[in-house]
Amino acid sequence: MVRSPLSILFAAFVVVKTQAINFVPEVDAEDGRRLGGGKYYGHFQDELSGDLCIEVKGGKTDNLTKLWWNKCKKGKKSQLWRFDKVTNNCSDNLTKLWWNKCKEGKKSQLWRFDRVTKNCAGRGKIHSKLDDDKCIQVNKKYKPLTRLRLYDCKSKRDHQKWNYCDGDGISPKKADDLLVYSPNPEGAKRYDPLVISDRDTYSIDFTRDP
């Protein structure tokens, strides 16, 4: 079969966003542990590397402590974070929710939103499990490549407020054109500082047309 040069061009180049961050809950989904009413922590994991997580450098909680990327370690408090607000789904009053194996078509695992815009799983301040009164903060100027730090949580500080949306990463509430990541656009490396960067950082992969 002969393909035109144009059809090959469309099949050959794939644009890949490199700033994807996944939230990995501290609870183990396979254990089917019930989600209690307490604080819900988890790891922020780099999707590209698969083994790097956002960490408080040195495990210190002093104001202006730097944040960086380090090897993920389950249960390590300096890598565990929570949002002020976590998206809740509807069920009967006081019915408990839990993690279980996914099963296609199972009604008890199917949900809908009242309004569908971005599916944002977390909003507000991001608290550290080292000290729940310490939050991730960025400089008020929101300048790209500004380093993120730990600071006392303040309810009125917009530069401590974030959105975490599926397929979109973590962005400052007041600067949606920026994303939390590494200064390295090709992917986070161990000990890279945690910064905000332009969301338009992409890489281009070449994929052979079958």
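Analyst: **Aromatic rings and their surroundings**

Phe23, Phe44, Phe83 and Tyr164 make up one aromatic cluster in this model, which is predicted. Two rings count as a pair when their centres lie within 6.5 Å, and by this rule there are seven aromatic pairs. One of them joins Phe44 and Tyr164, with 5.9 Å from centre to centre and 65° between the planes. Planes over 60 degrees apart count as edge-to-face, so the pair of Phe44 and Tyr164 belongs to that class. Phe44 is part of strand 4 (residues 42-46) and Tyr164 is part of strand 12 (residues 162-165). The pair therefore ties together parts that are 120 residues apart in sequence. Both Phe44 and Tyr164 are buried.

A second pair to look at is Trp68 with Tyr191. Their ring centres are 4.7 Å apart and the planes stand at 40°, so this pair is tilted. Trp68 sits in strand 6 (residues 65-71), while Tyr191 is in the loop between strand 14 (178-181) and strand 15 (195-198). This pair therefore ties together parts that are 123 residues apart in sequence. Trp68 has a relative accessibility of 15% and so counts as buried, because the limit for buried is under 20%. Tyr191, with a relative accessible area of 44%, is partly exposed.

Strand 6, which holds Trp68, also pairs with strand 11 (residues 149-152) in the antiparallel sense, over two bridges. Here Lys66 has Arg149 of strand 11 as its bridge partner. Strand 11 pairs with strand 10 (residues 134-137) as well, again in the antiparallel sense, over four bridges. In that pairing Cys135 is bridged to Tyr151 of strand 11.

Next comes the largest nonpolar core. In soluble globular proteins, nonpolar side chains tend to be buried together. The largest nonpolar core has 25 residues, of which Trp81, Leu148, Trp162 and Val180 touch the most other members. Two or more residues of this core come from each of strand 5 (52-56), strand 6, strand 7 (81-86), strand 12 and strand 14.

Leu148 shows what such contacts look like. Leaving aside residues up to four places away in sequence, Leu148 touches Lys66, Leu67, Ile136, Gln137, Val138, Trp162, Val180, Leu194, Val195 and Ile196. Two of these, Trp162 and Val180, are named with Leu148 among the core residues that touch the most other members.

Methods:
Residues are numbered from 1 along each chain as its sequence is written. This is a predicted model: local features need pLDDT of at least 70, side-chain atom pairs count only at pLDDT 80 or more; totals for chains, interfaces and linings use all residues. Side-chain values use heavy atoms; hydrogens and water are left out. Rings of Phe, Tyr and Trp (its six-membered ring) pair if their centres lie within 6.5 Å; planes under 30 degrees apart count as stacked, over 60 as edge-to-face and the rest as tilted. Buried means under 20% relative accessible area, exposed over 50%, partly exposed in between (1.4 Å probe, protein chains only). Two strands pair if DSSP finds at least two bridges between them. A nonpolar core is a set of buried Ala, Val, Leu, Ile, Met, Phe, Trp, Tyr and Cys residues joined through side-chain atoms within 4.5 Å. Contact means heavy atoms within 4.5 Å.
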